[in-house]
Amino acid sequence: MKLLYTNENRIMVMNVKNVLINNGYEVVLNNEFASSASGGLAPFDTWPEVWLLKDSELEEAKKVIESIDTEISLITWKCGGCNEINDQTFDFCWKCGRDNFQ
């Protein structure tokens, strides 16, 4: 079993887990709710983690994760107010504050 992915954002970790499962990989999720009980631990010690069950599939599974990151970073939207290009993760234009859905 190999640690494949970790992130402080639980939603990102769940997305990676789901994409991997949909691509036929067997994975388990650790530390899903550990951040609330972190106490004196370093923050990254309690981040949710996706673990790959079959070590032999590590390199292929990493490529799947890399394709997720690439696809996300390519999606943008153009602000109708100031024509600024914004990353898809923004609901409001970072430059003028206009709502993406206006």
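Me: I'm new to this structure. In which helix do Lys-62 and Glu-59 both lie, and how many residues apart are they?

Reply: Welcome! Keep in mind that this is a predicted model. Lys-62 and Glu-59 both belong to helix H2, where they sit three residues apart, about one turn of the helix. They form a salt bridge, and their closest N and O atoms are 3.9 Å apart.

Me: Are these two residues buried or exposed?

Reply: Relative accessibility tells you that. Buried means under 20% and exposed means over 50%, with partly exposed in between. Lys-62 has 35%, so this residue counts as partly exposed. Glu-59, at 51%, counts as exposed.

Me: How many salt bridges does the count come to?

Reply: There are three salt bridges. One of them pairs Lys-54 with Glu-26, with 3.4 Å between the closest N and O atoms. Lys-54 is in the loop between S3 and H2, while Glu-26 is in the loop between H1 and strand S2 (27–30), so this pair ties together parts 28 residues apart in sequence. Lys-54 is partly exposed at 39% relative accessibility, and Glu-26 is partly exposed at 40%.

Me: Which side chain meets Glu-84 in a salt bridge?

Reply: That is Lys-95, at 3.8 Å from N to O. Glu-84 lies in the loop between strand S4 (76–78) and S5, and Lys-95 in the segment after S5, so the pair links parts that are 11 residues apart in sequence. Lys-95 is exposed, with 53% relative accessibility.

Me: Now the inside. Which residues of the largest nonpolar core touch the most other members?

Reply: A nonpolar core is read as a set of buried residues joined through side-chain atoms. Here the largest one has 14 residues, and Leu-4, Val-16, Leu-20, Tyr-25, Val-50 and Leu-52 touch the most other members. At least two core residues come from each of strand S1 (2–6), helix H1 (10–22), strand S3 (49–52) and helix H2 (58–74). H2 gives the most, with five residues.

Me: What does Leu-4 contact, leaving aside its neighbours within four places in sequence?

Reply: Its contacts include Leu-20, Val-50, Leu-52, Leu-58 and Ile-65.

Me: Is Asn-86 buried or exposed?

Reply: Asn-86 has 1% relative accessibility, so this residue counts as buried. You will find Asn-86 in strand S5 (residues 85–87). Its side chain reaches the backbone nitrogen of Trp-94 at 3.0 Å, and a polar atom of that side chain lies 3.1 Å from the backbone oxygen of Glu-84. Beyond residues up to four places away in sequence, Asn-86 touches several others, among them Trp-77, Cys-79 and Cys-93.

Note on methods
Residues numbered from 1 in each chain as written. Predicted model: local features only at pLDDT ≥ 70, side-chain atom pairs only at ≥ 80, totals over all residues. Heavy atoms only, no water. Core = buried A, V, L, I, M, F, W, Y, C linked by side-chain atoms within 4.5 Å. Buried < 20%, exposed > 50% of the residue type's maximum accessible area, 1.4 Å probe, protein only. Helix = DSSP H or I, 4+ residues; strand = E, 2+ residues; numbered from the N terminus. Contact = heavy atoms within 4.5 Å. Polar contact = N/O pair within 3.5 Å; in protein donor to acceptor, adjacent residues only side chain to side chain. Salt bridge = Lys/Arg side-chain N within 4 Å of Asp/Glu carboxyl O.
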